[in-house]
Amino acid sequence: MKKMKWISLALLFFWAVCCPGTALAFNAGTWKTAQTIQPFFYEKFTGTGNSVKVFSFTNPADQKTALLAGNLDICGTTIAHALHSASLGQPVVVVAALCNKCSAFVVGADSTVQSPADLKGKKIGYVPGTMHEILLRESLVRSGLSPDRDVQLTRVDFFDMGLALARGGIDAFVSGEPFPTMAKLKGYGRILSYPYYGESIGTINAGMLVTRKTIEKNPGLVLDMVRAHARATRHLQKDKEKWLKKASEFGTPMEVLEGAAPNMELAWDMDASFVKRARALGERMQDLGVIKRQPDYDRLFDLSFVNQVRAEAGE
């Protein structure tokens with residue numbers, strides 16, 4: 001494994017030093033949300049004569065399917081979905097972070113529920129296989145409730161959760177922004193909690209995914225994509241107005257985006273601490289029965305590209 005890492009680093013160094021002028025063209029996949037917006041800015045940071053095509057999806061599974069089929073070179077993924085895919089032996093590699101935070105536990109505006117422990121016997125909306133499901137189950141277990149016996153977990157699409165809560169079809173939901181903030185601002189919902197656990201999973205949420213084959217065959221392309229991702233992320237972190245203005249073009253009102261912004265964190269960097277939190281997430285996923293076995297974390301997370309980008313920036 002260490003030998004392969006050194007070979008990868010050597011190829012990466014060769015590409016960075018010897019091939020700086022090669023024309024760049026790649027296809028990227030992501031969601032049209034504020035917290036996964038960076039690919040829409042890649043072309044700004046790849047230079048004249050290069051080409052980046054961005055394709056929008058509604059879920060990580062479809063993006064990964066397109067990636068494995070060779071229709072995408074890089075795509076977004078939740079860390080939970082990446083862990084699940086790798087546990088099944090699929091040849092995917094996380095090469096950068098995409099966003100942190102973004103989740104919230106929501107109850108009705110007039111609900112008597114004051115903590116997750118008060119949800120016994122209640123109906124909770126969720127989307128299976130997502131990061132939010134893991135955080136929901138973690139919150140319930142930490143409150144002494146069994147997700148399988150003490151509450152009724154009901155599958156509801158993210159876009160339908162607000163309406164279901166407003167009409168009394170569900171008592172609570174856990175989802176990503178902007179839906180929690182939208183529920184609050186429209187008056188039918190209340191934020192019960194932000195389900196982050198700093199001592200274990202923390203706030204990790206999503207990353208950028210490539211195939212093992214792409215790293216082995218074209219590490220320079222992966223470096224270029226990660227470099228564009230890092231530069232786009234830094235640009236938007238410094239210019240909140242531009243970030244949210246572009247996000248509003250996806251259909252979410254600016255008022256909602258501004259309210260949700262404190263619970264959304266754009267990201268690109270990863271380190272050993274990030275992988276440690278992902279491992280904690282994977283262990284919880286196995287405990288909860290979401291995955292049957294642990295993935296090979298050394299193969300799933302490749303830090304060499306973000307390390308190279310950080311070195312180029314003198315960090």
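I began with a single pair in this predicted model: Asn100 has Ile204 as its bridge partner in β10. I then looked at the two strands as a whole, and found that β4 (residues 92-101) and β10 (residues 204-211) run antiparallel and are joined by seven bridges.

I next followed β4 to another neighbour, strand β11 (residues 264-266), which is also antiparallel to β4 and is joined to it by three bridges; here Cys99 stands opposite Leu266. I checked how covered β4 is, and noted that nine of its 10 residues are buried.

I turned to the largest nonpolar core, which I found to hold 73 residues, with Phe26, Val95, Leu281 and Phe301 making the most contacts inside it. Which helix gives the most to this core? I found that helix α8 (residues 219-238) does, with nine residues.

I stayed with α8 to look up His235, which lies in that helix. Leaving aside residues up to four places away in sequence, I listed Lys44, Phe45 and Lys242 as the residues that His235 touches. For Lys242 I noted a polar contact of 3.3 Å between its side chain and that of His235, while for Phe45 I recorded a separation from His235 of 190 residues in sequence but 9.6 Å in space, C-alpha to C-alpha.

Last, I went through helix α13 (residues 304-312), where I marked Ser304, Phe305, Val306, Gln308, Val309 and Arg310 as buried. Just after α13, I noted that Gly314 takes a positive phi of about 75°.

Methods:
Residues are numbered from 1 along each chain as its sequence is written. This is a predicted model: local features need pLDDT of at least 70, side-chain atom pairs count only at pLDDT 80 or more; totals for chains, interfaces and linings use all residues. Side-chain values use heavy atoms; hydrogens and water are left out. Buried means under 20% relative accessible area, exposed over 50%, partly exposed in between (1.4 Å probe, protein chains only). Helices (H or I, at least four residues) and strands (E, at least two) are DSSP runs, numbered from the N terminus. A nonpolar core is a set of buried Ala, Val, Leu, Ile, Met, Phe, Trp, Tyr and Cys residues joined through side-chain atoms within 4.5 Å. Contact means heavy atoms within 4.5 Å. A polar contact is a pair of N or O atoms within 3.5 Å; within protein, one must be able to donate a hydrogen and the other to accept it, and residues adjacent in sequence count only if both atoms are side-chain atoms. Two strands pair if DSSP finds at least two bridges between them.
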